[in-house]
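Thanks for coming. Please have the sequence and the structure open.

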Amino acid sequence: MRPVVMIIDDNSSIAQLLSIMLKNNGYTPITAPNGLIALDLLKSSPRPSLILTDYLMPGLNGCEFIEHISAKSPYKNIPVVIITGSAVEDLRFPTTKNFKGIIMKPFNNDTVLNTVRHLIPENECSNSVCLA
C-alpha cells in the first residue's frame, strides 16, 4: 500500500497541485479544506504517514490543528509540516514533537517531495512507491 499523506488547505488549487504531485510520486493523498474537516477525516480514512497543512484557514488554523492532534494519542506521532505564505515572524508555531517544520509558499515541488521523503519512514515505502 502506498503511504498516505493528508493535505489540509482551504485553497483548492494548492490542495489539488499537492495531491497530483504526491500521487505521481507514489503516495496516496487525502485532502481536507480545513482543520475541522481534517479531524473527521482522520477518524474515517487510513492513518496518514504525514500531514501537510496550511497555517491560515477558517475554523481551525494549522497550529491549532497540530496542537489538537498532539493531544489525541492515536495521532500524536504523525509528523506535520506547515505550508504557509504568511510572514513567519507574524505566526505562532506549535511546540509539539510532531511539528517538523515549515515550507514557504510559493513552494518548490522538489522541496515538498524531499521533505515528504525525509519524514516518511523507508519501511512504509516499497520498491514500487516513494521513488527517490
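Phe93 touches Tyr55, Cys63, Ile82, Val88, Phe99 and Ile102, leaving out residues up to four places away in sequence. This is a predicted model, so please read every value as computed from it. Phe93 sits in the loop between E4 and E5. Is Phe93 buried or exposed? Its relative accessibility is 19%, and the cut-off for buried is under 20%, so Phe93 counts as buried.

Setting aside neighbours within four places in sequence, the contacts of Ser86 are Leu56, Leu91 and Met104.

Ser86 also takes part in a polar contact. Which side chain reaches the backbone nitrogen of Ser86? That of Thr84, at 3.0 Å. Thr84 belongs to strand E4, and with 1% relative accessibility Thr84 counts as buried. Beyond four places in sequence, Thr84 touches Asp54, Tyr55, Leu91, Ile102, Ile103, Met104 and Lys105.

Next, strand E3. How many of the five residues of E3 are buried? Five of the five, so the strand is mostly covered. In a regular strand, side chains alternate between the two faces of the sheet. In E3, Leu50, Leu52 and Asp54 lie on one side, Ile51 and Thr53 lie on the other, and all of these are buried, which leaves both faces covered.

E3 has pairing partners to go through. With E1, E3 pairs in the parallel sense over four bridges, and Val5 has Leu50 in E3 as its bridge partner. With E4, E3 is again joined by four bridges, and these two strands run parallel. Leu52 stands opposite Val81 in E4. If you follow the chain from E3 through H3 to E4, you trace a right-handed β-α-β unit.

Now the packing. Nonpolar side chains in soluble globular proteins tend to be buried together. Here the largest nonpolar core has 23 residues, and those with the most contacts inside it are Met6, Ile8, Leu42, Ile51, Phe65 and Ile69. Two or more residues each come from strand E1 (4-8), strand E2 (28-32), helix H2 (35-44), helix H3 (62-71) and strand E4 (80-84). Which element gives the largest share of this core? H3 does, with four residues.

Not counting residues up to four places away in sequence, Ile69 touches Leu39, Leu42, Ile51, Tyr75, Lys76, Val80 and Asn98. Apart from this core lies another, of 19 residues, with Ile7, Leu50, Val81 and Val116 among them.

Val116 brings us to helix H4, residues 109-119, where the buried residues are Val112, Leu113, Val116 and Leu119. Viewed down the axis of H4, the buried residues fall within an arc of 140°, so they line one face of the helix. On the other side of H4, Asp110 and His118 are exposed. What covers the buried residues of H4? The cover includes E1, helix H1 (12-23), strand E3 (50-54), E4 and strand E5 (99-104). The N-terminal end of H4 is capped by Asn108, with a side-chain oxygen 2.7 Å from the backbone nitrogen of Asp110.

At a relative accessible area of 0%, Leu22 is buried. Leaving aside neighbours within four places in sequence, Leu22 is in contact with Val5, Ile7, Tyr27, Leu52, Leu113 and Val116. Leu22 and Ile7 are 15 residues apart in sequence, and their C-alpha atoms are 9.9 Å apart in space. Among these contacts of Leu22, Leu113 and Val116 are buried residues of H4.

I will stop there and take comments.

Conventions. Residues numbered from 1 in each chain as written. Predicted model: local features only at pLDDT ≥ 70, side-chain atom pairs only at ≥ 80, totals over all residues. Heavy atoms only, no water. Core = buried A, V, L, I, M, F, W, Y, C linked by side-chain atoms within 4.5 Å. Buried < 20%, exposed > 50% of the residue type's maximum accessible area, 1.4 Å probe, protein only. Contact = heavy atoms within 4.5 Å. Arc of directions from axis to C-beta. Polar contact = N/O pair within 3.5 Å; in protein donor to acceptor, adjacent residues only side chain to side chain. Pairing = 2+ DSSP bridges. Right-handed = clockwise from strand over helix to strand, strands pointing away.
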